[in-house]
Amino acid sequence: MPAVSKGDGMRGLAVFISDIRNCKSKEAEIKRINKELANIRSKFKGDKALDGYSKKKYVCKLLFIFLLGHDIDFGHMEAVNLLSSNKYTEKQIGYLFISVLVNSNSELIRLINNAIKNDLASRNPTFMCLALHCIANVGSREMAEAFAGEIPRILVAGDTMDSVKQSAALCLLRLYKTSPDLVLMGEWTSRVVHLLNDQHMGVVTAAISLITCLSQKNPDEFKTCVSLAVSRLSRIVSSASTDLQDYTYYFVPAPWLSCKLLRLLQCYPPPEDGAVKGRLVECLETILNKAQEPPKSKKVQHSNAKNAILFEAISLIIHYDSEPNLLVRACNQLGQFLQHRETNLRYLALESMCTLASSEFSHEAVKTHIETVINALKTERDVSVRQRAADLLYAMCDRSNAKQIVAEMLSYLENADYSIREEMVLKVAILAEKYAVDYSWYVDTILNLIRIAGDYVSEEVWYRVIQIVINRDDVQGYAAKTVFEALQAPACHENMVKVGGYILGEFGNLIAGDPRSSPLIQFNLLHSKFHLCSVPTRALLLSAYIKFINLFPETKPTIQEVLRSDSQIRNSDVELQQRAVEYLKLSSIASTDVLATVLEEMPPFPERESSILAKLKKKKGPGAVSVSELEDGKREGGELNGGGERGSDPSAIAASNASTPSPSADLLGLRSAAPIGSAAPSAGSLLVDVFSEAGPAAPSSGANDDNFLSSAPSSSSLGSEDPAPPLPESDELLNKFVCKNNGVLFENQLLQIGIKSEYRQNLGRMYLFYGNKTSVQFTKPVEPLVEGGAQVQQVINIECLTDFSEAPLLNIKFRYGGALQNITLKLPVTINKFFQPTEMASQDFFQRWKQLSLPQQEAQKIFKANNAMDTEVLKAKLLGLGSALLENVDPNPENFVCAGVIQTKAQQVGCLLRLEPNAQAQMYRLTLRSSKDSVSKRLCELLAEQF
Amino acid sequence: MIKAILIFNNHGKPRLSKFYEHYSEDTEQQIIRETFHLVSKRDENVCNFLEGGMLIGGSDNKLIYRHYATLYFVFCVDSSESELGILDLIQVFVETLDKCFENVCELDLIFHVDKVHNILAEMVMGGMVLETNMNEIITQVDAQNKMEKSEAGIAGAPARAVSAVKNMNLPEIPRNINIGDISIKVPNLPSFK
């Protein structure tokens, strides 16, 4: 039996719709609609009260009119009235109208809220669901204020019907998304996590969306969901296709839920519990195995559902990036899909492989598919797929295959779709620069790029080629020769003329010895393009001409004649006219020496990093920049400058990733770097080398110069410059941060470094903000460059292995206007940052105090007050220290007593502190007792500077 | 998250539009037009995914669509959704419509927009998937219809009687209903299974 019987519809509505459909023209349609709107309006305004049926009919008509794209500016009130009807049909159409037509800032919300409140309280599951739907659809702040407290209760109440629970879960999710501050975590949170165990699969389906969103925002509170999700997943994966009955979709058990479970797990690092992890790995293996089994059905829906799970499983494997065995299997599976006859699978395989390519374990495995991917770029009929292929080629490119990939991308560009050309051009330009071993190849590539797709070559690209040619004298002659040849083409792109004009103007002399490219021939060639060019290009050419006069005095008469001609000197464009006049004058009155000084060869550009990358990021939008691209950005500088091998140490990658906080990767980097701790004997000289920069003349000695965390100072001394010794004031700066975690660490005329940090147990995370106070670009601190007035951020993760007394060093090098700045500071990481406060009663305190009575366990200092002895200030400082400030412990109320435990990886050190101020003498006595003598001593030293 | 669900026919006439994020009415219409423009120019054998139009978030969002006979079903989703999963969801939606309307065709969607909205509401709520089990969805829709009928039994009787009389006087009405404005044949969706 059909669920909707067709005869029951509203006749008036059907007639109206047929009328509309019979309209021969747009005008007739509008006329009919206006007539109907007038009719409905009069009915709504009329004296006769409308019955529910008529109201419903008219509201339906309004909905239909709205769908056709006409504004509806009335009827809202009638719809709201329908909400309070106790007939399901009327209520339902009222809610429908509101969720389609009422936006979140409507004035009607209060009335609507009232109706919703009644329905939620009605205990009629159908009405409750309608109300919850309405909240989820409108999701305004007023609604969140009214219902954010109520809905969690409905969700976890024992007697709530399953269908209502489902709606409540998604309703809560919507409110959490629109007004997170109003949805307060409470005792319901743990019960929500347990919905993953619910018997009703529909409830699990709805709840998992909610849990995923909440876990992303509060990972710690929802940690327990990992083991629950794994066991649920394992039950689904291992079930026979008939076990889950209705949730089996074309012989695949609960595909949607499986996907969502795998997504949820991607919010967390691999489970730490061995048993849970084992179970999960087993699931992932089963999913990979099932992909190899013969299909249970020939229907596309069957393979679709199966592969949906498979792709999510592969995403999870890539996310964990820790199981080489699974990664290789994932890569092989994707390799199979690359040649699958289903276009969808080829598309998704290319997309997943892009992320796989950035994993160290599988980068090589991905590279083996290069031929298939190139083939996809050439032969796929679908532009979406071709675009993914281009993305993957970009991701898998490295030094070994750069030439092949760049060549293929260039040849693809010749007939690429217009929509992706600009992005392709940027990618080719970046790859060519990043992996250029010999610069003639680079110049060839960029000139080809301009020849093939000149319209899509943005200014950044051609600026960049000129910067590189100017900065590298080994390529200048070749560049001049190549542009000269390229300009011979009868039709060449204006961008080519710009590059040609600039390069010949600077380096035309390098090829002038050849009679085929004598100065006059060069000039005539350039000038033959002049009249076809736009004003900015002509202006550039005029500058090239005056440079010619300096390079080749024999061209002076010819060029002066050109400058003197009416079309230049009386040009209607002010800029061109001015240049012509000035250059003409300059060339006729200045002596050769003056001319040579004014028109000297351009000095090398200070900027060493590519602005093209920034352009690509901008183009893709803020959300779309993948981690691999950020990472690439950092590799880039090092490779171009030094030409060294990239460090194959995975920890270097994790560390260079630091500007995008990702907890799983950064800790890895830290362990090998161990910035803190006496585990390394030379703890004092440990170095956090932010970006040691190889200068322009750096020998290509293989300096690891993009490795920003290097554990041994020697690795950076391979580079061209050693880190400077710490600034004299760095100890003072350090002391500022003993009792606080945030603030400005360093400031001079150029640079300001701000710090925000947080610590938990023996771990810490520090955000460094580098602000450029000038209006000029800095090149190479954290990001490739810091624009004038801009700020970049770097994240450092810290693990305290054992107690320590010397702070780690932070070395910053960057270029400001060509001059290398080299600053070394102490990072404000002190042992007290790892304090865990301990509350204890007076009796306990003194008992412990006595236990720590060995002379070496105590450190004491008596010192003069540097600041006013204000009790509140002292309290604040002691709290900032991180230990617990204990009240009513010391018999003398003037004294301060604190207790805490220093957490290090190796051990925990209990510390007790007593500070006795003497207001009369303006002196303090500070006593520290701890189970480790070095800790007492260090804390005492640190604290003595604070008061 | 699902940002929007759009159904339009081969000529771009919207048959259902449901936005889970707020846009102005004008923008909604433009999104529908833009989406139709993007989707309709694609060949039949290409993949079912493409980047969203500029209005609905560009490359941050994906359009995932299926084409059935005269209708395009387009889901605009963000990166948190599985592409193939959404394709399955579209299939479940269409199969559910097919069960509810018995061989659903474009005209059913036109004349029963409210029902289509109700069925969709049983599957997707606030941009998130509520239920994927077709039988469960149909049970809910059936229950609603029963309630509707029982209400119509008491209150709807006079209105239905009137309309029955009017129907007798105007025998040409049903024929009118079936004549399309733009000569669309009314092919049924390919039957499932």
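Two residues are in contact when heavy atoms of each lie within 4.5 Å of one another. By that rule, 87 residues of chain B are in contact with 84 residues of chain A in this predicted model.

**Area and composition of the interface**

- About 7,300 Å² is buried between chain B and chain A, and carbon and sulfur atoms give 53% of this area.
- Of the area that chain B buries against chain A, B:Glu25, B:Leu84 and B:Met125 supply 9%, more than any other three residues.

**Polar and charged pairing**

- Six salt bridges are found across the interface of chain B and chain A.
- A salt bridge joins the side chains of A:Asp382 and B:Arg42, with an N to O distance of 2.9 Å.
- Between chain B and chain A, 25 residue pairs are in polar contact, with both residues at pLDDT 80 or more.
- Helix 2 (residues 83-101) of chain B provides 13 residues, the largest share of the side of chain B that touches chain A.
- That side of chain B is made up of 32 nonpolar, 25 polar and 30 charged residues.

**Confidence in chain A**

- The average pLDDT of chain A is 79, and 84% of the residues score at least 70.
- Among the elements of chain A, the highest mean pLDDT (94) belongs to helix 14 (residues 255-265), and the lowest (31) to helix 37 (residues 663-673).
- Residues 1-7 of chain A stay under 50 in pLDDT, and the model has 19 contacts for them beyond four places in sequence.
- Residues 621-721 of chain A also have a pLDDT below 50, and this stretch has 191 contacts in the model beyond near neighbours in sequence.

Notes. Residues numbered from 1 in each chain as written. Chains lettered and ligands numbered in written order. Heavy atoms only, no water. Buried area = accessible area lost by both parts, 1.4 Å probe. Salt bridge = Lys/Arg side-chain N within 4 Å of Asp/Glu carboxyl O. Polar contact = N/O pair within 3.5 Å; in protein donor to acceptor, adjacent residues only side chain to side chain. Helix = DSSP H or I, 4+ residues; strand = E, 2+ residues; numbered from the N terminus. Nonpolar A, V, L, I, M, F, W, Y, C, P; charged D, E, K, R; others polar. pLDDT = per-residue confidence, 0-100.
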